[in-house]
Amino acid sequence: KRQGLLLGVLCGLSSAAWAQQQTIAACAKIEKLRNRAGCLLKTDKEAAIKALHTVAQEMYQKDTIRLKEKRLGISGRQDILYAAENAGVIAAKTSEATLYPLLRDKDIWTQIFALRALSHMLSILHMGYAKGGEADKKRLATVKGKVAKACITRFRSREGEVVTEAATCVGQTRDNAHAATLVGLLVRSRSSKVQRGIFTALRRLSTLSERAAALRPLAKVLSRKIPKKWSSDDVWIRGDICGLLALYAKHGDNWAKNPAEAALRAIGERNSQAKKKCQRLLNRI
């Protein structure tokens with residue numbers, strides 16, 4: 001028993017020593033970028049956020065599809081977002097101050113890195129996975145307003161992926177005070193793919209029933225003609241909106257009647273599930 005206890009103590013000491021060795025400098029020596037990002041996560045040091053951004057930039061520069069076809073491949077995209085989410089975990093445990101300046105960078109993927117990191121930080125704090133319990137709740141209450149304000153500045157981007165990430169970040173606050181802002185962004189967008197990303201962020205907000213009136217402008221999207229070169233997103237966004245409005249619309253809400261009928265005509269026989277959601281809205285009112 002004494003030998004087992006001694007072995008356990010020694011193992012504990014070696015684990016602690018190993019953890020201490022996971023310095024930023026040591027991680028920088030790791031050749032494989034994804035492994036380097038994993039190493040930096042274990043440091044739990046705020047300075048590692050900057051190092052993770054550097055790793056993300058290297059991931060972008062080395063993506064083979066980007067070099068051949070001038071577009072980022074799925075693997076490259078996943079690696080960059082992995083590095084960004086690791087930065088978000090560290091920010092949750094330390095500070096997010098390093099991320100704010102990156103939002104003002106001209107590089108699109110630097111902006112996406114910062115937005116994804118801030119979004120993931122909020123998620124970690126919501127779950128209590130940073131310092132746990134009341135500490136995370138207190139930190140969340142302190143930072144979520146500042147984070148939302150920073151992410152909203154990226155709503156003006158012309159890059160759909162940046163706008164989607166910014167909306168996701170705001171959605172992660174889970175503060176229904178941002179409902180009207182996200183609805184306005186969705187209505188202004190002309191890309192159904194981006195609209196669906198914003199819609200997902202909108203659904204993350206808590207107790208939308210308290211902001212039901214703010215959802216009404218979504219009916220404008222239902223009234224629009226479906227593009228000649230339509231995609232599944234063009235169909236689904238109509239079904240998504242119908243489904244959400246059906247939750248809060250009341251009998252006699254005639255403001256939704258013509259838009260719902262227009263959405264039904266636009267969907268046609270393209271998607272039975274989306275069609276059912278719009279029919280449900282009509283039945284509801």
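This is a predicted model: local features need pLDDT of at least 70, side-chain atom pairs count only at pLDDT 80 or more; totals for chains, interfaces and linings use all residues.

Trainee: OK. How many helices and strands does the protein chain have?

Mentor: There are 16 helices and zero strands. Helices (H or I, at least four residues) and strands (E, at least two) are DSSP runs, numbered from the N terminus.

Trainee: And what box do the C-alpha atoms fill?

Mentor: Roughly 75 × 50 × 35 Å, taken along the principal axes.

Trainee: What share of the residues is buried?

Mentor: Buried residues are 46% of the 285 in the protein chain. Buried means under 20% relative accessible area, exposed over 50%, and partly exposed in between, with a 1.4 Å probe and protein chains only.

Trainee: What about contacts between residues 24 or more positions apart?

Mentor: They account for 66% of the contacts in the protein chain with a separation of 6 or more. A contact means heavy atoms within 4.5 Å.

Trainee: Now charges. How far apart are the mean positions of the positive and negative ones?

Mentor: They are 3 Å apart, with 53 positive and 24 negative charges in the protein chain. Lys and Arg count as positive, Asp and Glu as negative, and His and the chain ends are not counted. Each charge is placed at NZ of Lys, CZ of Arg, CG of Asp or CD of Glu.

Trainee: Switching to cysteines. How many disulfides does the structure hold?

Mentor: Three. The cut-off for a disulfide is a pair of cysteine sulfur atoms within 2.5 Å. Counting bonded cysteines along the chain, the pattern is 1-2, 3-4, 5-6.

Trainee: Which residue is C27 joined to?

Mentor: C27 is joined to C39, S to S 2.0 Å. The pair links distant parts of the chain, twelve residues apart, with C27 in helix α2 (residues 24–28) and C39 in helix α3 (residues 33–43).

Trainee: Why is that disulfide called left-handed?

Mentor: Because the torsion about the S-S bond of C27 and C39 is about -75°. C27 counts as buried, at 0% relative accessibility, and C39 is buried at 5%.

Trainee: And where do C151 and C169 sit?

Mentor: C151 lies in helix α9 (residues 133–152) and C169 in helix α10 (residues 160–171), so the pair ties together parts 18 residues apart in sequence. Their sulfurs are 2.1 Å apart, the link is right-handed with 60° about the S-S bond, and both C151 and C169 are buried.

Trainee: Which cysteine does C242 pair with?

Mentor: C242 forms a disulfide with C278, the sulfur atoms 2.1 Å apart. C242 is in helix α14 (residues 232–248) and C278 in helix α16 (residues 272–284), 36 residues apart. That link is right-handed, with 90° about the S-S bond. C242 is buried at 0% relative accessible area, and C278 is buried at 0%.

Trainee: Last one: D233. Buried or exposed?

Mentor: D233 is buried, with a relative accessible area of 19%. D233 lies in helix α14.

Trainee: What does D233 touch?

Mentor: S192, K193 and R196, not counting residues up to four places away in sequence. The side chains of D233 and R196 are also joined by a polar contact of 3.3 Å. A polar contact is a pair of N or O atoms within 3.5 Å; within protein, one must be able to donate a hydrogen and the other to accept it, and residues adjacent in sequence count only if both atoms are side-chain atoms.

Definitions and conventions
Residues are numbered from 1 along each chain as its sequence is written. Side-chain values use heavy atoms; hydrogens and water are left out.
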